[in-house]
Amino acid sequence: EGNAALQVGFRVFGHRGDNSQAGKTVSCQSTELLVPMQAVDKAALQQQAGAWQPTGWTPISLALQRAGEDLVGGEGVKNNIIMVTDGEETCAGDPCAVAAALRESDAEVRIDVVGFGTTPEQDTLLRCIADNSGGSYTSAANGEALATTLQELTSASIARSYLRIVSIDASGQPTEVNEIKLDIQSFVDAQGQPAKNGQGLTVADQTSSTISQGAAGVDEQAQPLADGQARFELLPGSYSFSVNYGPGVGFVGGSNASRSTTYTAVIAEGQETVATIGIGALAIDRQGLEQRYVCRVQLEQQTESGWVSVAGSQEGIGCIAGNSLVTNDAAKPAQLPPGRYRLTDHNKSSTPIGEFDILAGKTVSVRVSGQ
């Protein structure tokens with residue numbers, strides 16, 4: 001209460017009909033949003049929470065589907081369902097599959113489940129709902145335990161923090177370039193320890209799949225960005241992570257090696273931090289020169305060990321097919337990972353023209369004049 005950005009609703013399910021076989025059809029089709037998603041209305045929430053007693057059948061799948069429809073996604077939005085049930089699904093639904101779908105939906109829903117007076121067998125059946133959505137499962141044996149659990153889950157939901165990684169192409173648009181992959185094992189905190197959320201789960205634990213190491217030796221423990229982005233829950237703090245740029249991005253000296261760029265992000269409690277990664281571009285302005293002049297342009301990238309040639313030819317060496325900037329002009333720029341670069345036009349001098357930064361979503365134009 002008092003948080004203008006916080007919206008809370010209250011939905012019940014299985015509340016129509018009764019426990020009999022005759023009442024099953026009505027009960028299994030019943031779920032209702034009694035308090036709409038809005039700024040916290042404490043009186044309305046307390047009134048509705050105290051007005052209902054467990055009864056009827058248990059359409060968990062239906063209730064979760066409808067609850068997912070109550071929520072909308074968006075940058076900085078955190079959607080959390082806290083579900084209380086006294087038993088497992090009894091209406092032939094598959095709540096575990098629904099939970100997984102909600103996590104992957106645009107709303108990116110997390111579901112915390114509380115089993116109220118449930119048996120160990122029921123706990124096992126219900127736990128996958130939480131697991132499939134990245135949520136938690138708690139068993140509350142009595143009313144006092146339930147009240148304490150709900151208070152703890154609500155507080156944790158408000159304080160929960162996330163890192164959203166968004167990949168953009170050289171024009172600044174979201175991209176799903178397969179050559180740009182997160183190294184999911186590289187996420188570490190300021191102390192160099194694996195990055196974790198409040199449940200102790202690492203980024204790798206929160207990842208649904210990994211990519212096997214390819215023939216070129218890249219992409220091990222990495223994953224592409226679905227729809228150009230990925231989202232992870234993390235404790236507040238400072239983190240670093242690496243992004244692998246494969247040979248399909250820019251020029252890598254004619255080899256199949258990949259390059260890696262390290263990023264940092266500072267995550268505040270209760271917020272979603274957005275980290276933008278991706279590629280930039282270099283456009284060679286040849287001023288009408290023939291391609292043979294540009295063929296002797298050399299591009300270097302600054303690394304911890306010094307300047308490393310990533311494209312072009314050394315002075316006195318002719319062009320190498322597939323390893324030069326010969327085909328690149330203002331209309332067809334070279335896509336490159338972010339970093340510090342310098343360009344040398346060996347047709348004119350062995351001294352670099354100048355240094356420049358390649359940034360995600362931006363194109364840099366450099367003019368060469370030839371002899």
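Which side chain does glutamate 355 meet in a salt bridge? The partner is arginine 340, at 3.3 Å from N to O. A salt bridge here is a side-chain nitrogen of Lys or Arg within 4 Å of a carboxyl oxygen of Asp or Glu. Glutamate 355 lies in strand 18 (residues 354–358) and arginine 340 in strand 17 (residues 339–345), so the contact ties together parts that are 15 residues apart in sequence. Strands (E, at least two residues) and helices (H or I, at least four) are DSSP runs, numbered from the N terminus.

The model is predicted: local features need pLDDT of at least 70, side-chain atom pairs count only at pLDDT 80 or more, and totals for chains, interfaces and linings use all residues. Residues are numbered from 1 along each chain as its sequence is written, and side-chain values use heavy atoms, with hydrogens and water left out.

Glutamate 355 is partly exposed, at 43% relative accessibility. Arginine 340 is also partly exposed, at 29%. Buried means under 20% relative accessible area, exposed over 50%, and partly exposed in between (1.4 Å probe, protein chains only).

Across the whole structure, the search finds 14 salt bridges. One of them joins arginine 11 to aspartate 70, with the closest N and O atoms 3.0 Å apart. This pair links distant parts of the chain, 59 residues apart: strand 1 (residues 7–13) holds arginine 11, and helix 3 (residues 60–70) holds aspartate 70. Arginine 11 is partly exposed at 22% relative accessibility, and aspartate 70 is partly exposed at 23%.

Arginine 110 and aspartate 112 form a salt bridge at 3.1 Å, N to O. Both residues are buried. A network of salt bridges links Glu108, Arg164, Arg231 and Glu272.
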